[in-house]
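Subject: Handing over the structure

Hello,

Here is the structure I promised to pass on to you. Please open it first, and then read on for what I found in it.

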Amino acid sequence: MARLRTERLLLREWQAHDLAPWAALNADPEVRAHFPGVLSRAESDASAAGFQADLESRGWGWWAVEVRGTGEFVGFAGLDPVEEEMPFSGVEAGWRLARRAWGHGYATEAARAVAEFAFTGLDLPELLAVTAASNLRSQAVMRRIGMTRDPADDFDDPTVPAGPLRPSVLFRLTRGAAPTV
């Protein structure tokens, strides 16, 4: 199973002691502002178990993100095949961090490591990222790692209930355009 290291972060397998801070992150309405709602502890635990199962079976997926200097769990970042319901296909990059980890550049650092792995470790020709049109913070991370958006690719996410979170944007990064970490 792949582990990714950056100057400050370790993207690794999920561990039992990640479950409580992962649940707290997913219960935070501000962290989940661009999702249909917060998650219960059971839903949060089930997501972590699914992420770990994917890491074990594929060797890559949604990794737990730990600050190397302290060992603190701060969220997740990684890759996943795009859901079948979407109007496009490929592999998607993503990240979600606890509020206390915002503003330190961790999302950008983790996203760069994920993109490098996608292109060098998996030999992908393209990497995608999706978010609600209202999620400007996530879009800023996408731009910082070199991703671009074509408004013609914007779509209504079929996995999100009708409402203000359904309009979504799609960002792309091709292997040749990817900046090095």
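Two strands count as paired here if DSSP finds at least two bridges between them. By that rule β2 and β3 pair: four bridges join them, and the two run antiparallel. Please keep in mind that this is a predicted model.

**The overall picture**

The protein chain has four helices and nine strands. Starting at the N terminus, its elements follow the order β-β-α-α-β-β-β-α-β-α-β-β-β. The radius of gyration is 15 Å, close to the 16 Å that the globule rule gives for 181 residues, so the chain is as compact as a globular protein of that length. Along the principal axes, the C-alpha atoms fill a box of roughly 40 × 35 × 30 Å. Buried residues account for 48% of the 181 residues. Among contacts between residues at least 6 apart in sequence, 61% join residues at least 24 apart.

Strand β1 (residues 4-5) pairs with β2 in the antiparallel sense over two bridges, and the two form a hairpin with three residues between them. Within this pairing, Leu-4 has Leu-11 of β2 as its bridge partner.

On β2, Leu-9 and Leu-11 point one way while Leu-10 and Arg-12 point the other way, and all are buried. Across to β3, Leu-10 has Glu-66 as its bridge partner.

β3 is in turn joined to β4 by five bridges, again with the strands running antiparallel. Ala-64 stands opposite Phe-76 of β4. These two strands form a hairpin with five residues between them, where Gly-71 takes a positive phi near 80 degrees.

How much of β4 is buried? Eight of its nine residues are, which leaves the strand mostly covered. On to strand β5 (residues 91-97), β4 pairs in the antiparallel sense over seven bridges, and there Gly-75 stands opposite Leu-97.

**Helix α2**

Helix α2 covers residues 41-58, and its 18 residues should span 26 Å at 1.5 Å a residue; the end C-alpha atoms are 26 Å apart, which agrees. Its buried residues are Ser-44, Ser-47, Ala-48, Phe-51, Gln-52 and Leu-55. Seen down the helix axis, these buried residues fall within an arc of 135 degrees, so they line one face of α2. As a reminder, an α-helix has 3.6 residues a turn, so residues three or four places apart point the same way.

What do the buried residues of α2 pack against? Their partners are β2 (9-12), α1 (19-26), β3 (62-67) and β4 (73-81). The face turned away from the buried side carries the exposed residues Ala-42, Glu-56 and Ser-57. After α2 comes Gly-59, with a positive phi near 90 degrees.

**The nonpolar cores**

The largest nonpolar core has 47 residues, of which Leu-11, Trp-14, Leu-79 and Leu-127 touch the most other members. Helix α3 (residues 106-121) gives the most to this core, with ten residues. There is also a second, separate core of seven residues, including Val-82, Leu-128, Val-130 and Phe-155.

Leaving out residues up to four places away in sequence, Trp-14 touches Trp-22, Ala-48, Phe-51, Gln-52, Leu-55, Trp-62, Trp-63, Ala-64, Phe-73 and Phe-76.

**Helix α3 and what comes after**

For α3, the 16 residues should span 22 Å at 1.5 Å a residue, and the end C-alpha atoms are 21 Å apart, which agrees. Twelve of those 16 residues are buried, so α3 is largely enclosed by the rest of the structure. Among the buried ones are Tyr-106, Glu-109, Val-114, Phe-117 and Phe-119.

Just after α3, Asp-123 takes a positive phi of about 60 degrees, although Asp-123 is not a glycine. Where does Asp-123 lie? Its place is in the loop between α3 and β6 (126-132). Is Asp-123 buried or exposed? With a relative accessibility of 51%, Asp-123 counts as exposed, because the cut-off for exposed is over 50%.

I hope this helps you find your way around.

Best wishes

Definitions and conventions: Residues are numbered from 1 along each chain as its sequence is written. This is a predicted model: local features need pLDDT of at least 70, side-chain atom pairs count only at pLDDT 80 or more; totals for chains, interfaces and linings use all residues. Side-chain values use heavy atoms; hydrogens and water are left out. The expected span of a helix is 1.5 Å times one less than its number of residues. Buried means under 20% relative accessible area, exposed over 50%, partly exposed in between (1.4 Å probe, protein chains only). The arc is that of the directions from the helix axis to the C-beta atoms. Contact means heavy atoms within 4.5 Å. A nonpolar core is a set of buried Ala, Val, Leu, Ile, Met, Phe, Trp, Tyr and Cys residues joined through side-chain atoms within 4.5 Å. The radius of gyration is taken over C-alpha atoms; the globule rule is 2.2 Å times the number of residues to the power 0.38.
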